[in-house]
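Please open the structure in your viewer and keep the selection tool at hand.

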Amino acid sequence: MTKIIKIDPANIDMELLSQAADVIKHGGLVAFPTETVYGLGADTFNSDAVANIFRAKGRPMDNPLISHISDIADLEMFAREIPPSAIKLAEEFWGGPLTLILKKKAGIPDCVTAGLDTVAVRLPSHSIANVLIKLSGTPIAAPSANLSGSPSPTTATHCIQDLDGRVDMIIDGGSSMIGIESTVIDLSTEVPVILRPGMISPEDMRSVIGEVVYAGEVEGAPKCPGMKYTHYSPNASVIVIEDVSDYKKHTRSGETVCVIAKNASDAGIAADIVYDAGNSDAEYAARLFYLLRKADEDGADVVFAQLPETSGIGIALRNRLFKSAGGRVIMK
């Protein structure tokens, strides 16, 4: 049976959060809030506990996990080489939504890294996540706290929908602020490569360390989560569309149609279901996964989601939407 506890991130009940830390210490699974999305955590160094993450989510074992730490100094536990670029990025963006991939030290369980010679590490900024790691006395390996392939959870309700009865505890800490997962950058190569875009943009990182390239999709074993398998998909079909006013041309009779668009209330959209994604791509990102799940709850058969911009967090939004849509994109 899954225990659900509610904690205010602005006024943490340390006694209550210590209960969650005890679950981690004893090899259990805890879903907890971060600034990006909710994570499903276990002790990084407990192979059995980490294996249970994959079982609870139905996650492929060749999809590596991110280890979450509470201090920059903890990087030394994971990396046999820490390049100057890693320190510069950590000092600039940690705690925050940036994951670094580095050459791993011996002793990191293979199930965490999917047998790769690299390890993914980040330091979250969310108060509950950060204190949970400290109280647990160990780095916490954590993918998103959802069933594999479904939209990532940005509220405890989403975690409960997917994982109730599958995990030991869920911490309700309110809504995630950013709404999409961290940027992942591979620093194990000669030129740093962005493997997964997020709120920290290529431009942000180039301003700190110089040359950075964005890999997009790659073949072979994924070095980070979200690179190989279908992700972020509701039960409804998702179609990304550049001009939302054209959505009617692509509907079929009898379908319940949902449209997600920025400034939707001002656009005069007459679909069965209309969701406003906010005024900016940052607001769109914060709402995306919530709205994809709500589309299922409201009975949508098909979702037309507006195409974001090609800069800043819009790059990450496009990545998530294209994966959710399985490549179904309608341009002008």
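**First stop: Ser-136**

Select Ser-136, which counts as buried because its relative accessibility is 6%, under the 20% cut-off. The model is a predicted one. Ser-136 belongs to helix H5, which spans residues 127-136. Its side chain reaches the backbone oxygen of Leu-132 at 2.7 Å. Leaving aside residues up to four places away in sequence, Ser-136 touches Ala-21, Ile-24 and Lys-25.

**Second stop: the largest cavity**

Next, select Val-37, Pro-143, Ser-144, Glu-181 and Arg-196, which lie nearest the centre of the largest cavity among its 26 lining residues. This cavity holds about 270 Å³ of space, and the whole structure contains two cavities of 30 Å³ or more. The lining comprises seven nonpolar, 14 polar and five charged residues.

The structure holds twelve salt bridges. Select Lys-6 and Asp-172, whose closest N and O atoms are 3.6 Å apart. Lys-6 lies in strand E1 and Asp-172 in strand E8, so this pair ties together parts 166 residues apart in sequence. Lys-6 is exposed, at 62% relative accessibility.

Move on to Glu-35 and Arg-122, a salt bridge with its closest N and O atoms 2.7 Å apart. Glu-35 lies in the loop between strands E2 and E3, and Arg-122 in strand E6, so the pair ties together parts that are 87 residues apart in sequence.

Methods:
Residues numbered from 1 in each chain as written. Predicted model: local features only at pLDDT ≥ 70, side-chain atom pairs only at ≥ 80, totals over all residues. Heavy atoms only, no water. Helix = DSSP H or I, 4+ residues; strand = E, 2+ residues; numbered from the N terminus. Buried < 20%, exposed > 50% of the residue type's maximum accessible area, 1.4 Å probe, protein only. Polar contact = N/O pair within 3.5 Å; in protein donor to acceptor, adjacent residues only side chain to side chain. Contact = heavy atoms within 4.5 Å. 1 Å grid on protein atoms, 1.4 Å probe; cavity = no way out; pocket = protein on both sides within 12 Å on 5 of 7 lines; lining within 4 Å. Points joined across faces, edges and corners; volume = space filled by probe spheres on them. Nonpolar A, V, L, I, M, F, W, Y, C, P; charged D, E, K, R; others polar. Salt bridge = Lys/Arg side-chain N within 4 Å of Asp/Glu carboxyl O.
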